[in-house]
Amino acid sequence: MAYKINNTFGTLLVTLADGTIDVATTDLTLIGKGYAGFGEKLNENFVKLLENFNNTTAPSNKIQGQVWYDKTNNQINVYTGSKWKPVGSTSNSASAPTNAVLGDMWLDTTNTQLYVYTGSAWILIGPTTVAGSGVTQVITESPEDNTGVKRSILKLVANDTVVGVVSNLAFTPSGTETLGAALISAGFSTVAQGIQLSSSVASAKFRGTATDTDKLGGVAATNFLRSDSADTTTGRITIQTDDGIRLGAGNDITMTMSSDDFTLAQTTQDKDIIFTVNDGGTTKEALRITGSTGRIEHLRVGDLTVDGTNTIINTSTLSVEDNIIELNRNISNNAGMPNYTGLKVNRGETSSATEQNLYWVWDETYADDGSTTYGNAGGAWTAFKGADGDTELEAPTLVDIRANVVHATTTSAMYADLAERYEADCDTEVGDVVILGGEAEITKCNDELSDAVFGVISESPAFLMNAQAGNNDSHPMVALKGRVMVKLQGTGKAGDRVVSAGNGEARVAVLEECNAFNTLGRLIKDKYNKETALTECVIGVK
């Protein structure tokens with residue numbers, strides 16, 4: 001009949017048939033009924049139990065509670081049902097054991113450190129330093145001083161380096177005694193009372209917040225400037241960062257550097273920067289930069305030199321108390337004179353092309369005919385308007401100069417007629433022949449050979465009378481004498497007399513048609529085109 005093999009708890013491990021053995025269920029040989037040679041297997045089982053399965057490898061068919069002697073580590077282990085656990089010793093491995101229970105101990109073979117398991121985590125017992133990284137701990141020592149008396153200290157060691165010492169009194173270590181000499185070589189030629197850092201450790205210093213100190217950097221604390229009250233220094237203050245100096249609770253005034261440029265700024269909106277001086281005991285404002293406008297509103301200057309290409313004065317009225325304004329002071333000789341020197345009137349940066357800037361300048365390029373009649377001088381005072389674009393001084397156009405009385409030795413004009421403004425009762429054009437009369441002062445001459453001819457509408461008279469009477473639409477300029485363009489019909493030769501032809505036009509007359517009343521003037525040059533065209537004539541001659 002087969003054996004039923006149970007464990008201590010009554011659990012069936014295996015059923016053995018008669019005459020058989022089982023070596024797979026446990027690490028012992030289980031013997032069935034009637035097995036021949038059972039004595040050998042039985043004795044081997046006793047030996048295994050006696051030596052606790054002594055082997056370099058763990059038993060492969062272990063069951064809970066089984067004991068195994070680890071021959072490699074000479075250590076007894078018990079199987080917990082899930083792992084082999086050392087009995088009365090630590091677990092030795094390079095990584096933390098799994099399935100640990102409360103109280104387990106583990107020796108980290110990589111760092112030679114001992115840990116204990118709390119039930120949830122491995123806690124380091126010691127040593128606190130990792131093997132090969134150097135000693136890091138507080139060490140009590142009793143070095144001798146230079147009188148042979150032992151002194152108790154605490155050495156603060158980090159990675160084998162003495163960073164500091166703690167002593168209840170000051171002393172000089174002995175240079176001959178072992179511990180004292182070691183202190184000296186570690187950077188402690190003298191030991192101070194309290195906590196002292198090594199002079200051999202670079203940048204060793206206390207870091208954090210202190211409530212008080214006797215010295216900072218070896219300088220008495222009384223020699224430093226106060227930050228909470230007014231103070232005085234006899235030395236120079238140097239700020240080596242670009243962040244600069246700030247004044248006021250809201251950093252209202254800042255003095256900063258950027259790319260070696262210095263900026264003094266008033267940061268509070270619409271507030272001023274004011275400079276004052278003591279004038280005979282009275283405080284006077286010398287300069288005010290107004291925050292609301294961003295401009296200098298008040299400035300007192302003695303001698304003023306302004307260098308640069310542009311000086312802009314943005315005021316409604318500029319008053320100059322000096323009797324002479326000097327221009328071109330920096331010109332060293334006549335050859336260096338610019339072409340134009342004087343005043344420019346800006347008509348507006350965004351004005352249309354017809355509203356060019358205006359100038360009243362000394363024109364160095366002008367040259368007269370060289371006679372003494374006109375002064376025989378190079379240059380002339382000139383009024384003109386600039387050309388379009390950026391080259392307005394390269395092609396100036398002359399403009400009017402208006403005055404009450406002009407006193408001069410001689411005068412000249414670019415144009416050649418004498419004209420006066422008269423009110424017209426109709427639209428007129430340059431070259432129209434007009435007479436006195438109509439519903440206003442003048443009207444177009446609509447009659448041929450009219451004895452009432454008066455003048456011709458001028459475009460650019462050399463001299464204009466009654467100039468303020470109106471504009472060219474209401475009060476056109478009527479040439480009374482001189483060279484002027486006339487609407488002329490037909491052909492003619494130079495010198496031919498000109499009479500009215502009707503419709504505001506003129507024609508060449510034969511001598512028999514002419515009299516002192518109807519002759520308007522004479523043709524200056526031959527005219528070959530029969531069509532009516534503006535033709536230059538001299539009027540006011542017979």
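This report describes the overall form of one protein chain and two of its local sites.

The model is predicted: local features need pLDDT of at least 70 and side-chain atom pairs count only at pLDDT 80 or more, while totals for chains, interfaces and linings use all residues. Residues are numbered from 1 along each chain as its sequence is written, and side-chain values use heavy atoms, without hydrogens or water.

**Overall form**

The protein chain contains two helices and 37 strands; these are DSSP runs, with H or I over at least four residues for helices and E over at least two for strands, numbered from the N terminus. Its C-alpha trace spans about 180 × 85 × 45 Å along the principal axes. Further values for the chain are tabulated below.

| Property of the protein chain | Value |
|---|---|
| Radius of gyration (over C-alpha atoms) | 60 Å |

Of the 542 residues, 25% count as buried, meaning under 20% relative accessible area with a 1.4 Å probe, protein chains only.

**Helix α1**

Helix α1 covers residues 38-51, and its 14 residues should span 20 Å at 1.5 Å a residue, the expected span being 1.5 Å times one less than the number of residues. The end C-alpha atoms are 20 Å apart, in agreement. Asparagine 52 follows α1 and has a positive phi, near 60°.

**Glycine 504**

Glycine 504 lies in the loop between β34 (497-502) and β35 (505-508). This glycine is buried, with a relative accessible area of 0%. Beyond its neighbours within four places in sequence, its contacts (heavy atoms within 4.5 Å) include Gly431, Asp432, Lys444 and Cys445.

Key. The radius of gyration is taken over C-alpha atoms; the globule rule is 2.2 Å times the number of residues to the power 0.38. Buried means under 20% relative accessible area, exposed over 50%, partly exposed in between (1.4 Å probe, protein chains only).
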